[in-house]
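Let's take a friendly tour of charged side chains and how they pair up. Have the structure open beside you as you read.

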Amino acid sequence: MEAATSAARTMKTNVKSTSLKTYGALSASGYLSEKEQQIMAAFKDGHTFTRQQLVQEAGMDINGVCGRVNALIEKGALEVCGVTYAGGTRKPREVLRRAL
């Protein structure tokens, strides 16, 4: 039983390592996933959005939007261009645009 558990851990580690290498290669090559392309499509014609606004615009949930936006910022496709404040809570929200 112990050997099976050890093999499972090794396998899991190998998959993770391989996945990370593949992700890194795709990110470096400028590849955009389908969901990232969906987010980028919202920024046509110079529009700016907060992550919360992108939920409506892209038709995705907030977790999906935040993950894709963070990846796109890291890839240099999007950038933060300002801050706005939410109506009732006055929480600061980053305003995003296509990178110049």
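The count comes to three salt bridges, a salt bridge being a side-chain nitrogen of Lys or Arg within 4 Å of a carboxyl oxygen of Asp or Glu. Side chains of opposite charge can pair when their charged atoms come close. This is a predicted model, in which local features need pLDDT of at least 70 and side-chain atom pairs count only at pLDDT 80 or more, while totals for chains, interfaces and linings use all residues. Residues are numbered from 1 along each chain as its sequence is written, and side-chain values use heavy atoms, leaving out hydrogens and water.

Here are the pairs:

| Pair | Closest N and O atoms |
|---|---|
| Lys75 and Glu36 | 2.8 Å |
| Arg51 and Glu94 | 2.7 Å |
| Arg97 and Glu79 | 2.7 Å |

Glu36 is buried at 5% relative accessibility, whereas Lys75 is partly exposed at 25%. Buried means under 20% relative accessible area, exposed over 50%, and partly exposed in between (1.4 Å probe, protein chains only).

Next come Arg51 and Glu94, which pair up in a salt bridge. Arg51 sits in helix H3 (residues 51–58) and Glu94 in strand S2 (residues 92–98), 43 residues apart.

Finally, Arg97 pairs with Glu79. Arg97 lies in strand S2 and Glu79 in strand S1 (residues 78–85), so this pair ties together parts 18 residues apart in sequence.

Definitions and conventions:
Helix = DSSP H or I, 4+ residues; strand = E, 2+ residues; numbered from the N terminus.
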